[in-house]
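Biologist: I am new to this structure. Could we go through it together, please?

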Amino acid sequence: MSSSQESTALETISIKIPASPEYLQVVRLVAAGLASRLSFTLEDIEDLKIAVDELSAYITGAHGRSGTLAVSFTLHGDRIQIRGIGEYTESYEVRTELTEFSRMILETVADSAELSASDGRPAFSVVKNKRA
């Protein structure tokens, strides 16, 4: 691990939204506000919003799902890590592998990004480092 990945978290902020695309703007706005606090460039903030939107869409689906999307934002002095997990009230089959197109987008806008399953629930993680 690099020293930036080992840096101590300054704080973690958590939110829960309905697992519906209409609410993804809230996740993007929180991500942008927190990245701004870390003095990210405007370009990096826009990149982070794209990454969060791309990954969150896998959790909510195009038409929404019954339940919530729980998102935590962990701030470090030089980076932000965002984790999301779908907490559904019904059973859904959710893709946990990125499409090739999504992978290309995320490789461009994030330092690391993944889609996975956590205890049978769909989850994502994205890290964006502040440029030196």
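**Charges, fold and core**

Modeller: The protein carries 13 positive and 19 negative side chains, and the centres of the two sets lie 4 Å apart. Here Lys and Arg count as positive and Asp and Glu as negative, leaving out His and the chain ends; each charge is placed at NZ of Lys, CZ of Arg, CG of Asp or CD of Glu. This is a predicted model, in which local features need pLDDT of at least 70 and side-chain atom pairs count only at pLDDT 80 or more, while totals for chains, interfaces and linings use all residues. Residues are numbered from 1 along each chain as its sequence is written, and side-chain values use heavy atoms, without hydrogens and water.

Biologist: What pattern does the protein follow along the sequence?

Modeller: The pattern is α-β-α-α-β-β-α-β-β, with four helices and five strands. These are DSSP runs numbered from the N terminus: helices (H or I, at least four residues) and strands (E, at least two).

Biologist: Which residues touch the most other members of the largest nonpolar core?

Modeller: They are F73, I80 and I82, in a core of 34 residues. Such a core is a set of buried Ala, Val, Leu, Ile, Met, Phe, Trp, Tyr and Cys residues joined through side-chain atoms within 4.5 Å; buried means under 20% relative accessible area (1.4 Å probe, protein chains only).

Biologist: And which element gives the largest share of this core?

Modeller: That is α3, with seven residues.

Biologist: How much of the protein is buried?

Modeller: Of its 132 residues, 42% count as buried.

Note on methods
Buried means under 20% relative accessible area, exposed over 50%, partly exposed in between (1.4 Å probe, protein chains only).
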